[in-house]
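This report goes through selected local features of one protein model, element by element. The sequence and the structure come first.

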Amino acid sequence: MTSDTNMTKQILNVGQCGPDHIHITQLLKDNFDVQVQLAETHDEAVLKLRNGEFDLVLLNRIYDATGTQGLDTLRVIKSDDATCGIPVMLVSNYEEAQVSAVAEGALPGFGKSALADPVTVERLATVLGES
């Protein structure tokens, strides 16, 4: 994780389809000083996490390209000493999925239907700082 609050924050957005990645990236850039990278698959996400420094990982509940469960990637992130400290949020409209993700070590996330909700920005600000 990067530590300087004045530095651009690095976000890894995993498993989103193109339009959702664009909408999530726009929300992040409208409210925070961030750079957003997309990883389409579990393996791509793990590789990027091991080779880069990220301030936040956003996991889709079910990856668009592969059907992989975001919780599977969350478990790998949280079980690896090199990545376990990186904050993770699940992107899902399903409350039960959010509860499961938090139980596995994620921060409370948000759904795609809540991108315009001020609560979403507040949750992101807990990791990314003031908007």
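## Ser92 and the basis of the model

Ser92 sits in the loop between β4 and α4; helices (H or I, at least four residues) and strands (E, at least two) are DSSP runs, numbered from the N terminus. With a relative accessible area of 7%, Ser92 is buried, where buried means under 20% relative accessible area, exposed over 50%, and partly exposed in between (1.4 Å probe, protein chains only). Apart from neighbours within four places in sequence, Ser92 is in contact with Arg61, Ala97, Gln98, Phe110 and Gly111; contact means heavy atoms within 4.5 Å.

The model is predicted: local features need pLDDT of at least 70, side-chain atom pairs count only at pLDDT 80 or more, and totals for chains, interfaces and linings use all residues. Residues are numbered from 1 along each chain as its sequence is written, and side-chain values use heavy atoms, with hydrogens and water left out.

## Leu115

Leu115 is located in the loop between β5 (107-110) and α5. Its relative accessibility is 18%, so Leu115 counts as buried. Not counting residues up to four places away in sequence, Leu115 touches His23, Ile24, Leu27, Phe110 and Thr120.

## Helix α5

A side-chain oxygen of Asp117 lies 2.8 Å from the backbone nitrogen of Val119, capping the N-terminal end of α5. A polar contact is a pair of N or O atoms within 3.5 Å; within protein, one must be able to donate a hydrogen and the other to accept it, and residues adjacent in sequence count only if both atoms are side-chain atoms. Just after α5, Gly129 has a positive phi of about 90°.

In α5, the buried residues are Thr120, Val121, Leu124, Ala125, Val127 and Leu128. They are on the same side of α5, because they cover an arc of only 155° around the axis; the arc is that of the directions from the helix axis to the C-beta atoms. The elements covering these buried residues include β1 (9-14), α1 (18-31), β2 (34-39), β3, β4 and β5. Pro118, Glu122 and Thr126 are exposed on the other side of α5.

Thr126 belongs to helix α5 (residues 118-128) and counts as exposed at 62% relative accessibility. A polar atom of the Thr126 side chain lies 2.5 Å from the backbone oxygen of Arg123.

## Helix α3

Gly70, Leu71, Thr73, Leu74 and Ile77 are buried in helix α3 (residues 70-79). These buried residues fall within an arc of 155° seen down the axis of α3, so they line one face of the helix. They pack against α2 (42-51), β3 (56-60), β4 (88-91) and α4 (95-103).

## The cavity

The count is 1 cavity of 30 Å³ or more. On a 1 Å grid over the protein atoms alone, a cavity is a set of points where a 1.4 Å probe fits but cannot get out, and lining residues have an atom within 4 Å of a point. Grid points are joined across faces, edges and corners, and a volume is the space filled by probe spheres set on the points.

The largest cavity has a volume of about 30 Å³. Its lining consists of Val46, Leu49, Arg50, Val76, Ile77, Asp80 and Thr83. The elements that give two or more residues to this lining are α2 and α3, and the largest share, 3 residues, comes from α2.

How values were computed
On a 1 Å grid over the protein atoms alone, a cavity is a set of points where a 1.4 Å probe fits but cannot get out, and a pocket is an open set with protein on both sides within 12 Å along at least five of seven lines; lining residues have an atom within 4 Å of a point.
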